[in-house]
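User: I'm new to this one and would like a quick tour. Could you walk me through it?

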Amino acid sequence: MNIVDVDLNLLKVFEALYEESSASRAALRLGVSQSAVSASLRRLRDVYGDALFMRTGRGLAPTLRANQLRPVIGEALAKCRQS
């Protein structure tokens with residue numbers, strides 16, 4: 001993957017989806033529309049070649065790949081926030 005081709009704002013969407021388990025709540029948290037979060041999730045799925053989050057009766061559940069990515073993305077965002 002070439003980092004030049006990746007919108008790093010997608011990482012914030014990943015984090016919000018992971019923590020909120022809902023596209024609607026993630027959208028509220030990020031101050032964007034639910035459709036914008038859904039579009040970002042489609043882009044994330046393309047980047048990582050995985051569904052990342054699956055619909056369940058309780059909202060969105062992370063896939064195994066999303067669980068593996070969570071600490072890496074969390075650390076990257078933490079470093080950006082520290083800078």
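Predicted model: local features only at pLDDT ≥ 70, side-chain atom pairs only at ≥ 80, totals over all residues.

**A first look at the chain**

User: What radius of gyration does the chain have, and what would a compact globule have?
Analyst: The C-alpha trace spans about 35 × 25 × 20 Å along its principal axes. For 83 residues, a compact globule would come out near 12 Å, and the chain agrees, with a radius of gyration of 12 Å.

User: How much of the accessible surface belongs to carbon and sulfur atoms?
Analyst: Buried residues are 31% of the 83 in the chain. The accessible surface comes to about 5,300 Å², and the part from carbon and sulfur atoms is 52%.

User: Now the charges: how far apart are the mean positions of the positive and negative ones?
Analyst: The chain carries 12 positive and 8 negative charges.

User: How many residues apart are Asp7 and Arg43?
Analyst: Their side chains meet in a salt bridge, at 3.5 Å from N to O. This pair links distant parts of the chain: Asp7 lies in the segment before helix 1 (9–20), while Arg43 is in helix 3 (residues 34–48), and the separation is 36 residues.

User: Is Lys79 exposed or buried?
Analyst: Lys79 makes a salt bridge with Glu75, at 3.6 Å from N to O. The two sit about one helical turn from each other because they are four residues apart in helix 4 (residues 64–82). Glu75 has 47% relative accessibility, so it counts as partly exposed. Exposed means over 50%, and Lys79 has a relative accessible area of 52%, so Lys79 is exposed.

User: Which residues are linked in a network of salt bridges?
Analyst: The salt bridge count comes to eight. One of them joins Arg25 and Glu20, whose closest N and O atoms are 3.9 Å apart. Arg25 counts as partly exposed because its relative accessibility is 42%, and Glu20 is partly exposed too, at 23%. The linked residues are Glu15, Glu19, Glu20, Arg25, Arg29, Arg70 and Arg81.

Definitions and conventions:
Residues numbered from 1 in each chain as written. Heavy atoms only, no water. Rg over C-alpha atoms; globule rule 2.2 N^0.38 Å. Buried < 20%, exposed > 50% of the residue type's maximum accessible area, 1.4 Å probe, protein only. Areas by Shrake-Rupley, 256 points an atom, 1.4 Å probe, with all protein chains shown as cover. Lys, Arg positive; Asp, Glu negative; His and termini not counted. Charge placed at Lys NZ, Arg CZ, Asp CG, Glu CD. Salt bridge = Lys/Arg side-chain N within 4 Å of Asp/Glu carboxyl O.
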